[in-house]
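This report describes a ligand site and the arrangement of domains in a protein chain. The structure is shown first.

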Amino acid sequence: MVKVNKNYNNLNQSYLFSTITKKRNEFIKNNPDNKLIRLGIGDVTRPLTKPVVDALVKASLEMGDAKTFKGYGDEQGYGFLQDAIKKYYKDINGVSLENSEIFISDGAKSDIANFTDLFSNENTIIIPDPVYPVYLDSNMMLGRKIVLIEGNKENGFKPLPFEGLTGDIVYLCSPNNPTGAVYSHSELKLWVDFALKNNMIILFDNAYEAFVNDRSLPRSIYEVDGAEKCAVEFNSLSKTAGFTGTRCGYTIVPQNLIFEGNNLNKMWLRRQTTKFNGVSYIVQKGAEAVFSEEGLKSCMENIEYYMENAKLISDTLTKCNVWHTGGINSPYIWLSCGMDSWEFFDKLLNEAQIEGTPGSGFGKCGEGYFRLTAFNTRENTIEATKRLEKFFKNK
Ligand code: PLP
């Protein structure tokens, strides 16, 4: 008789954003004339940029011509894209990578959730709270022992290693979703030293690196000495280049990651070649264009557009005396809502017709907080700030 994985019974009933979608659909059904503004889910609104679209079109035409048609691609991704990423790392972070250390993915989420295939179920997983829910859920699915470490106002939502903390695998997300907090070099160094001392691995989620404005802050964990011996880095073009629907990312697995005599790079290659058949040639060509001079320039224009939205929201909250953080080196604004965060979600939806994300959806420590995103259009963001001002004045 079939036996199901009972660990699924321990998960929250539905993924955070499925619950939000359900609530939104109910609201729309009950308010057919609504003027809902979505500042909830972290999806982008700016279209793909011209250099990317041109590359996608060109690659599609190549696929329709017998002379240039491509079947299955190279195992870890095409060399042309690895070369472009390698140059990007060198230019932006001063970090040198080998092509064999770069794995092209269909986005950060799948690799983040799948990477723990390489580790035994006996490991203890350290997860910051609040954080992107995929780390917790994917490990709960495997029935792993989990230790949550608290992010709060006092530590600037950047938990650090402390005396007595034990575990084997630690997730870090910087810039953080949902709080927008960014670890400094010295803070990341504390984590790297802690991991090296305790023979741990850091799974570093770098999905929002392109939003780091302040160049004194790191845009890769490999800017910190020793990280190449204890960290894997997950990157995404979803927010950097508007690829949420196009799907492409990349994971850095250094050759120096050796645990119990096993090279994690070789293990990940073995895992991926067994369970993943790569990202399409067309999409990888589009991704290559992101890293061209024109491509990077046009993506940065979109990021600046979003960051201007973030500033508008943040300035409004300041004006209304609402405690908040983020929105400077990240597209997320994290505010103190002063009540149960789902209650605040319903109130904001019904009174201001604005959809946000309840902080408790990111962990227990997110209770009492709320996330707004800068990813909507300028027009909608301006309208949202007017409604927020009215909402908080009447509160
Ligand atoms: N990591 C974080 C922190 C995210 O917020 C997201 C998406 O919102 C992802 C990873 C997933 O990115 P992708 O679209 O590349 O799968």
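A polar contact is a pair of N or O atoms within 3.5 Å; within protein, one atom must be able to donate a hydrogen and the other to accept it, and residues adjacent in sequence count only if both atoms are side-chain atoms.

## Basis of the model

The model is predicted: local features need pLDDT of at least 70, side-chain atom pairs count only at pLDDT 80 or more, and totals for chains, interfaces and linings use all residues. Residues are numbered from 1 along each chain as its sequence is written, and side-chain values use heavy atoms, with hydrogens and water left out.

## Ligand site

In the side chain of Arg247, an N or O atom is 2.8 Å from an oxygen atom of the ligand. Asn177 places a polar side-chain atom 2.7 Å from a ligand oxygen atom, and Asp205 has one 2.6 Å from a ligand nitrogen atom. On its own the ligand has 400 Å² of accessible area, of which the protein covers 90% (Shrake-Rupley method, 1.4 Å probe).

There are 14 residues around the ligand (a heavy atom within 4 Å). Those that come nearest are Ala108, Asp205, Tyr208, Ser236 and Ser238. By class, six are nonpolar, four polar and four charged.

## Domains

The chain is divided into domain 1 (14-43 + 294-394) and domain 2 (50-291), with bounds from an automatic or database domain assignment. Taken over C-alpha atoms, their centres are 26 Å apart.

In domain 1, 32 residues are in contact with 35 residues of domain 2 (heavy atoms within 4.5 Å).

Terms used. Nonpolar A, V, L, I, M, F, W, Y, C, P; charged D, E, K, R; others polar.
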